[in-house]
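Look over the sequence and the model first. Then work through the questions below.

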Amino acid sequence: MNKKYLFLALLMLLLATGLLILPERHNFQQMKAENLMWEVVQPTRYVTVDQVAMMIIDGDPTLELVDVRPINDFATFSLKNAINIPFDSLLNPNYQGYLGIEDMNVVFYSNDDIRADQSWVIARRMGYHNLYVMKGGLNSWIECIIKPLKPDETASLNEFEDYEFRKGASIYFTGAKLESSDKKSSVNVVRRKKGSAVAGGC
Amino acid sequence: MGPLIPLEIITGHWDFVIALLIGGAFGYILEASGFSSSRMIAGVFYGYNFVVLRVFFTAMIVAMVGYLYFSYMGWIDMSLVFVLPTYLNSMLFGGFLMGLGFVIGGFCPGTSYTAAAIGKIDGVVFAGGVLLGIFIFSELFPFYEDFYVANNLGNVTIGEMIGVSNEVVAFAFVVIAIVAFYVTSIIEKKVRKNMTEYKFE
Amino acid sequence: MHVHELNPKKTLIAMLIFAVVIIAGLLTINNPRLKYQISPAQAISMVSDNNQGVDASKIDNLLSASTNPTILIDIRNHYKFARGHIASANNISGVELLSEENIKWLNELNNDKIAVIIYGDDPLQTNGPWMVLQQLGFENIKFLKGGYNHYVQVKNAEKDHKPIPTFIAGKAKYNYAEVAKISSVSDTDTGQSDKKHSIIRHKKKGTVTAGGC
């Protein structure tokens with residue numbers, strides 16, 4: 001018996017034993033707390049209701065609206081094409097597949113923006129990318145998009161431009177809502193098929 | 001491709017380039033281990049040459065241990081690794097068929113290409129047969145689909161099935177591999193002593 | 001028999017490189033300076049608990065308590081802090097709070113069970129930093145409900161002897177299903193139909209590539 005083989009066998013055994021005695025280690029795939037705090041204090045994660053409305057109207061294929069309210073609230077009203085991930089089931093593996101899709105921008109919304117922001121912090125800590133929060137939530141949505149107020153005469157030109165857009169958006173969304181309440185548009189959810197693998201082998 | 005992709009040193013778009021490099025390395029190792037010789041491969045069944053077992057067992061335990069270490073250090077994302085679904089019936093039958101092809105043809109699918117690459121005619125024929133077999137299998141698939149998908153255990157690993165951690169499984173395999181290396185080396189010596197039709201340098 | 005079977009030099013070298021890589025990896029493993037003390041699941045139930053906020057009207061009492069007065073941290077920028085802040089507040093931004101010294105200080109406060117209240121301008125500004133600190137295990141850190149803006153409103157109301165506004169968060173202000181049906185602007189064109197087949201993509205777990213020899 002060659003001594004070198006003996007050494008190889010021992011080395012391999014040693015490495016395998018090392019695996020058994022390694023201390024438990026979690027969290028490594030999670031985001032560092034420093035980085036999370038750094039991102040948390042930036043306002044870049046907020047999108048306005050106007051931006052969301054614009055994206056919906058344009059049919060932006062990268063937009064993925066996520067409603068973090070409870071299921072019942074979602075059933076009574078939701079934004080177009082939104083997915084419901086109730087806040088308390090954010091970590092449910094069945095829902096995890098909706099986050100972290102390449103090229104998709106996830107926009108969380110809730111009644112206001114706190115719950116959505118909390119979802120953002122948790123999901124970001126888990127390492128998901130391209131997450132946003134709809135500032136003001138549905139309350140803002142109603143106030144700005146569905147029931148826009150005419151700005152004062154003295155308001156800036158920008159505000160009037162916003163108002164013009166909101167007027168159009170308001171008609172778009174209320175009109176579309178009436179339409180879709182009697183004819184439910186079908187939503188195809190594409191999920192991973194389990195076990196449709198191209199199986200190969202030696 | 002750990003540790004480069006999880007640590008965001010390179011992007012996932014390099015997948016195919018990396019696959020090409022790994023494929024090339026794999027072919028090189030097969031040829032370098034002498035696997036383009038069908039005599040070497042069939043030797044496992046006659047007991048005079050266990051190099052196939054040694055190479056694959058070594059590759060397996062090194063990969064297992066390395067993978068677990070890499071995942072421990074966060075270089076590889078465990079959850080992204082695809083686990084093949086286990087169709088028990090078809091896997092048992094397939095394994096049997098594969099072994100039969102192994103001993104008759106003297107190649108396994110991968111090594112037939114390395115043999116073809118160095119210009120062995122039997123390797124070329126074997127490789128052609130593989131393609132023909134794939135074609136026939138796919139065309140006739142509806143006939144035995146029921147058998148193929150029967151007894152589906154799902155995407156399970158050995159550890160999940162018997163309820164121990166992957167580390168324990170890896171350790172057990174290392175032990176099994178080392179024992180197997182030792183036992184086969186003894187068998188090899190005995191068989192070779194009595195063999196006259198094939199000379200060992 | 002191959003030559004290298006008798007003298008596994010290459011195997012030996014490869015194996016040693018393998019071992020060295022693993023050992024190097026273990027040595028350079030980056031242990032984060034700050035560790036999350038609670039799991040994401042715990043964090044969800046923690047923020048769902050509504051007792052983590054402190055009412056603006058109770059702040060003054062807490063600050064003037066004779067034993068263990070509450071520490072107040074203003075996480076807004078220096079400019080805003082200079083323009084007005086709650087008396088006795090420390091101005092430390094969220095990022096600065098995670099510096100070595102401040103973490104040490106917060107740890108001491110946590111051990112002594114001294115309550116810390118953080119606030120920003122509005123609830124949204126306060127929420128993120130508070131959640132990060134919570135997840136780092138600082139259970140003594142609470143937040144000011146409604147933020148500084150709400151605090152100012154409460155103070156003004158107290159001064160003018162008006163009813164104190166209560167702060168409500170997370171509640172729907174409207175019955176969306178009803179309200180969202182009717183636009184407030186004149187509805188002339190409702191001919192827009194929307195029957196697009198929408199497809200929601202779902203991430204595929206694990207690329208399906210399997211190989212063998």
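**Rings, helices and a sheet**

Y87(B), F137(B), F141(B), Y144(B) and Y148(B) form one aromatic cluster. This is a predicted model: local features need pLDDT of at least 70, side-chain atom pairs count only at pLDDT 80 or more, and totals for chains, interfaces and linings use all residues. Residues are numbered from 1 along each chain as its sequence is written, chains are lettered from A and ligands numbered from 1 in the order written, and side-chain values use heavy atoms, leaving out hydrogens and water.

Q: How many aromatic pairs does the structure hold over all chains?
A: Rings of Phe, Tyr and Trp (its six-membered ring) pair if their centres lie within 6.5 Å. Planes under 30 degrees apart count as stacked, over 60 as edge-to-face and the rest as tilted. Over all chains, the number of pairs is 17.

Q: Is the pair of F45(B) and F102(B) stacked, edge-to-face or tilted?
A: The ring centres of F45(B) and F102(B) are 5.9 Å apart. Their planes stand at 55°, so the pair is tilted.

Q: How far apart in sequence are the parts that F45(B) and F102(B) tie together?
A: Helices and strands here are DSSP runs (H or I, at least four residues, for helices; E, at least two, for strands), numbered from the N terminus. F45(B) lies in helix α2 (residues 38-46) of chain B, and F102(B) in helix α4 of chain B. The pair therefore ties together parts separated by 57 residues.

Q: Is F102(B) buried or exposed?
A: Buried means under 20% relative accessible area, exposed over 50%, and partly exposed in between (1.4 Å probe, protein chains only). F45(B), at 42%, counts as partly exposed. F102(B) has a relative accessible area of 12%, so F102(B) is buried.

Q: What should helix α4 of chain B span?
A: The expected span is 1.5 Å times one less than the number of residues. Helix α4 (residues 88-105) of chain B has 18 residues, and its end C-alpha atoms are 25 Å apart.

Q: Which residue in β5(C) stands opposite I117(C)?
A: Strand β4 (residues 116-119) of chain C and strand β5 (residues 141-144) of chain C pair in the parallel sense over 3 bridges. Opposite I117(C) stands K142(C).

Terms used
Pairing = 2+ DSSP bridges.
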